[in-house]
Amino acid sequence: MYRIVDKEIFSDNVVKLEIHAPRIAKKRKAGHFVIVKTGDKGERIPLTIAQADPSKGTITLVIQKVGVTSHKIARLNKGDSITDVAGPLGQATHIENVGTVLCAGGGVGIAPLLPIVEAMKKKGNKVMTVLAARSKDLVILEDQMKLFSDEIVVMTDDGSYGNKGLVTQGMEEVIKKTKVDQVIAIGPAIMMKYASLLTKKYNIPTLVSLNSIMVDGTGMCGACRVSVGGETKFVCVDGPEFDGHEVDFDELLSRLGAYKEEEAVAYQNYLKTI
Amino acid sequence: MAINPDYFKEERNKEWRIQLRQGIKNKERVSRERIKMPEQDPDVRNKNSKEVNLGLSEKQAVTESQRCIDCPDPTCITGCPVEINIPEFIKYIEAGDFLSSARVLKQTNSLPAVCGRVCPQEVQCEVQCFYVKKMNKPAVAIGHLERFAADYERSSGKIFVPETAEKNNIKVGIIGSGPGGLTAAGDLAKYGYDVKVFEALHELGGVLKYGIPEFRLPNDIVDVEIDNLRKMGVSFVTNFIVGKTASFSDLKKEGFVAFFVASGAGLPRFMNVPGENYVGIFSANEYLTRVNLMNAAKQDFDTPVLFGKKVAVIGGGNTAMDSVRTAKRLGAERSMIIYRRSFEEMPARIEEIKHAEEEGIEFLNLNSPVEYYADKNGRVNRMKVQKMKLGEPDKSGRRRPIPVEGSEYDIDVDLVVVSVGVSPNPLIPKSLPELKVTKWGTIEVNPDNMQSSIPYIFAGGDIVRGGATVILAMGDGRKAAAGMHDYILKTVKKK
């Protein structure tokens with residue numbers, strides 16, 4: 001069991017949990033994820049680690065309620081425990097000094113972007129950050145991002161905060177005025193798809209962190225397979241980060257929707273029970 | 001713990017064995033027919049998840065045990081990777097002392113109830129049986145009897161916990177709680193070590209839980225065996241991925257002196273035919289893990305699985321049989337095996353193939369997938385297959401399948417399970433760059449003691465063999481435990 005030592009509510013649907021997992025806290029690097037399962041009948045889902053504090057022995061996860069499992073986890077409170085947390089998994093982000101890095105985060109994708117922004121800055125890069133969300137209350141971790149960003153642009157779909165518009169508009173603005181050497185985009189698959197299409201136009205190397213469906217997360221089941229440059233890769237062991245210009249996003253989007261109907265029914269049934 | 005051959009002779013010469021031999025004439029013993037395992041009716045069992053084989057009654061077991069003539073030179077033992085004293089456990093059944101029979105099994109096999117169910121006895125102990133070798137008759141039903149004795153003991157409430165040597169407080173780590181890991185853990189506990197098993201998943205049991213379906217091996221049985229190891233002092237930790245959660249050097253600093261890596265199967269293989277990543281195409285590992293480990297087909301569990309009415313399973317091994325029979329049980333109208341060779345070359349156990357046929361599984365042998373098609377949502381709805389013919393034998397000794405030009409045709413499918421093998425799990429080799437691996441990614445070991453190129457690391461099962469059976473993994477576990485004991489005596493204890 002993994003105890004929740006702190007909880008912060010970002011909005012109705014988004015929470016931050018700080019979880020006691022000392023071994024993972026010690027080993028994790030930017031880009032790593034954990035597999036989380038709650039309850040004996042729970043599902044295993046991958047969540048990218050947002051922050052870790054090895055001295056306290058904790059890791060931080062940001063969770064958005066999108067279905068039964070994420071809702072169950074997001075409902076847990078300080079003092080409760082999560083049944084299973086396994087990791088850190090995946091390949092860590094390759095951090096090097098390339099010059100100027102544009103870090104774009106969409107929605108809860110902002111959370112896993114934070115350790116990368118921090119690491120990129122500490123490595124001596126100039127870091128330009130674009131945070132995007134549907135509305136003001138979904139723009140998270142802005143203050144922490146500011147600590148490690150040379151410049152920060154906030155975009156909201158509804159214009160309730162920052163500039164009105166999509167993440168790609170914010171990114172293009174930055175690209176037009178600054179010479180960007182590398183882009184890292186993390187968010188919903190559709191956002192990463194369009195971010196990659198944009199950077200392809202400007203020929204800027206782009207990393208994306210894929211959030212495919214997983215079961216074991218350790219390279220055994222192949223649920224997370226994705227085509228990258230025409231080759232099948234496993235997000236859990238080969239990723240989660242890949243060259244955004246090589247990822248087949250349409251296939252990823254289709255695979256992410258594999259259980260759409262089942263999930264919708266289960267979520268409706270679940271919401272009736274709480 | 002290699003067994004002294006004299007031991008079998010001494011045991012055979014004990015008074016009770018001699019008396020039993022004299023009790024029934026050999027002529028009478030060999031005139032009997034082999035017992036048939038009682039089974040659930042095929043049309044009933046293909047709709048439930050209960051065990052197919054029901055087990056022998058006491059009377060049936062005793063009758064079958066009387067067929068064994070207690071050979072002076074029992075060849076059956078040579079066919080067993082863990083060298084069970086087969087005649088002795090069978091003779092205890094004949095004597096009606098079922099608990100003693102189970103104890104004999106447990107001397108060398110920590111998982112007899114598992115082996116009695118899933119071992120391919122027909123190519124191991126039973127093929128070496130006197131009946132097969134000398135009389136051209138069906139072997140003594142060693143597997144059925146093993147299961148009987150183990151089940152009897154389990155339901156008796158008097159489970160025998162093997163004796164362990166005095167604790168030596170030397171820590172050893174086992175990576176993986178599948179059959180190889182559990183066997184090594186049991187043996188190392190017997191030697192007196194402080195044994196800890198690290199499991200990556202949230203459940204213990206490895207392939208025995210996530211892979212082999214309930215209808216062949218109920219999970220409760222695995223849990224009882226694991227509990228027994230706990231009673232022997234073995235400790236278990238779940239959600240622990242050695243190489244990720246902690247490195248080998250971290251664990252060495254924490255006092256572990258040697259490790260047995262039994263991390264099992266890794267990345268599922270696919271065939272790289274167009275359309276293979278459409279929704280509704282699973283690896284066998286994913287399909288079985290969802291259903292067996294995550295209980296995805298049950299309403300009250302959160303993990304989903306897709307149900308298919310027209311299911312194609314690609315492959316001809318035991319895992320393919322498990323997948324196709326699972327699909328049938330989950331409501332498939334057509335549940336098909338698509339295999340590129342013929343029945344003769346099929347690697348699955350004969351019993352599994354027979355059970356599958358009885359349950360209404362279709363076998364499209366000499367066929368191979370060439371392309372998949374999907375509906376507008378990306379869900380597979382059709383596949384193109386090509387007919388094959390058999391040519392000369394290849395390196396595996398099986399006749400090579402050759403595509404027949406122009407023979408392609410389409411089959412409607414809504415679920416496909418690809419069961420064409422697995423590659424070794426790359427996690428551990430990746431975390432230890434100095435570890436020697438083969439070109440296939442399996443760990444190189446000395447076959448005598450399972451020691452790797454790093455002296456304190458031993459390995460066995462699928463991570464060494466690339467894909468084998470439960471019993472071979474167990475045999476490796478036994479050998480590795482002995483190898484580790486030897487290594488520790490020679491090196492660590494000296495210090």
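## A salt bridge and the interface around it

In this predicted model, A:K41 and B:D300 join their side chains in a salt bridge, with 2.7 Å from N to O. Across the interface of chain A and chain B, the rule finds four salt bridges.

On the chain A side, several elements each supply at least two residues that touch chain B, among them α1 (22-27), α2 (68-75) and α8 (249-256). The biggest giver is β8(A), with six residues. Here is that side of chain A sorted by class:

| Class | Residues on the side of chain A that touches chain B |
|---|---|
| Nonpolar | 16 residues |
| Polar | 12 residues |

How much area is buried between chain A and chain B? The value is about 3,600 Å², and carbon and sulfur atoms give 53% of it. In chain A, the residues that lose the most area to chain B are A:R23, A:M220 and A:Y259, together 20% of what that side buries. In terms of contact, 43 residues of chain A meet 43 residues of chain B.

Now for a look inside chain B. Five strands form an open sheet there in the order β3-β2-β1-β4-β16, with parallel pairing. At its edges are β3 (235-237) and β16 (457-459), each pairing on one side only. From one strand to the next, the twist averages 20°. Strand β4 (residues 256-261) of chain B is joined to β16(B) by three bridges, and B:V261 stands opposite B:A459. Helix α20 (residues 470-492) of chain B packs on this sheet, touching β1 (171-175), β4 and β16 of chain B. The direction of α20 makes about 160° with that of β4(B).

Terms used. Residues numbered from 1 in each chain as written. Chains lettered and ligands numbered in written order. Predicted model: local features only at pLDDT ≥ 70, side-chain atom pairs only at ≥ 80, totals over all residues. Heavy atoms only, no water. Contact = heavy atoms within 4.5 Å. Buried area = accessible area lost by both parts, 1.4 Å probe. Helix = DSSP H or I, 4+ residues; strand = E, 2+ residues; numbered from the N terminus. Nonpolar A, V, L, I, M, F, W, Y, C, P; charged D, E, K, R; others polar. Pairing = 2+ DSSP bridges. Axes fitted to C-alpha atoms, helices over the stretch in contact; angles between N-to-C directions.
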